[in-house]
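Visitor: I'm new to reading protein models. Could you walk me through this one, a bit at a time?

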Amino acid sequence: MASRVHLTSKAGVFQEMEARQHRMTADEPESNHGTDKGPAPYELLLASLAACTSATLRLYADRKGWALGTITADLVFKRDAEGNERIERSVSFGEKLSEEQMTRIRDIVEKTPVTKTLKRGTAISTRFV
């Protein structure tokens, strides 16, 4: 599997990106030298994790025939004074699940693809052309 994103930056920290036929933007708030025309990069990271979490849980539940109702996810990125980083993820469902279902959901949420990528870390190679 290979995913690709193409980025063009003409000035400042406002970014325009394409993923397949989809266009996205990223920016920083004005308080961080941006123009606030799009989510900040860490917000996009959180959005990726939230989307993967919800989609994976939905696919799993659908396969099992479980009704989840509306899935809600709230994520927060935090960095403490020592530079330690963490993401806090809260997930809720519109439907009531049994304890057995919740036990399985707790296991599955830790195995979503983006969760696994973030937890293990990923090598990044950079080349300048």
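Predicted model: local features only at pLDDT ≥ 70, side-chain atom pairs only at ≥ 80, totals over all residues.

Visitor: Is threonine 53 buried or exposed?

Guide: Buried means under 20% relative accessible area. Threonine 53 has a relative accessible area of 1%, so we call it buried.

Visitor: Which residue's side chain does threonine 53 join in a polar contact of 2.9 Å?

Guide: Start with what threonine 53 touches, leaving out residues up to four places away in sequence: Arg89, Val91, Val109, Thr112 and Thr115. One of these has a side chain joined to that of threonine 53 by the 2.9 Å polar contact, and that's arginine 89.

Visitor: Thr112 was in that list. What is the relative accessible area of threonine 112?

Guide: Threonine 112 sits in the loop between α2 and α3. Leaving out residues up to four places away in sequence, threonine 112 touches Cys52, Thr53, Thr56 and Arg89. Its side chain also has a polar contact of 2.5 Å with the side chain of threonine 115. Threonine 112 counts as buried, and its relative accessible area is 0%.

Visitor: How many charged residues are in the contact of α1 with α2?

Guide: From α1 come Thr53, Thr56, Leu57 and Tyr60, while α2 brings Arg104, Ile105, Ile108 and Val109. Sorted by class, that contact has 5 nonpolar and 2 polar residues, and the number of charged ones is 1.

Visitor: How many nonpolar residues are in the contact of α1 with α3?

Guide: The axes of α1 and α3 come within 7 Å and cross at roughly 135 degrees. That makes α1 oblique to α3. On the α1 side are Leu45, Ser48, Leu49, Cys52, Thr53 and Thr56, and they meet Pro113, Val114, Thr115 and Leu118 in α3. The contact has 4 polar residues and no charged ones, and the nonpolar count is 6.

Visitor: Over to the loops. What is the phi of arginine 20, roughly?

Guide: Arginine 20 is in the loop between β2 and β3, and at 70% relative accessibility it counts as exposed. Most residues other than glycine have a negative phi. Arginine 20 is not a glycine, yet its phi is positive, at about 55 degrees.

Visitor: And where is the place of histidine 33?

Guide: Histidine 33 also isn't a glycine, and it has a positive phi of about 70 degrees. At 71% relative accessibility, histidine 33 counts as exposed. You'll find it in the loop between β3 and α1.

Visitor: One last thing: what distance separates the C-alpha atoms of glutamate 16 and valine 91?

Guide: Glutamate 16 is in strand β2, and at 38% relative accessibility it counts as partly exposed. Residues up to four places away in sequence aside, glutamate 16 touches His6, Leu7, Thr8 and Met24. Valine 91 is 75 residues away along the chain, and the two C-alpha atoms are separated by 30 Å.

Definitions and conventions. Residues numbered from 1 in each chain as written. Heavy atoms only, no water. Contact = heavy atoms within 4.5 Å. Helix = DSSP H or I, 4+ residues; strand = E, 2+ residues; numbered from the N terminus. Nonpolar A, V, L, I, M, F, W, Y, C, P; charged D, E, K, R; others polar. Buried < 20%, exposed > 50% of the residue type's maximum accessible area, 1.4 Å probe, protein only. Polar contact = N/O pair within 3.5 Å; in protein donor to acceptor, adjacent residues only side chain to side chain. Axes fitted to C-alpha atoms, helices over the stretch in contact; angles between N-to-C directions. Parallel < 35°, antiparallel > 145°, perpendicular 65-115°, else oblique.
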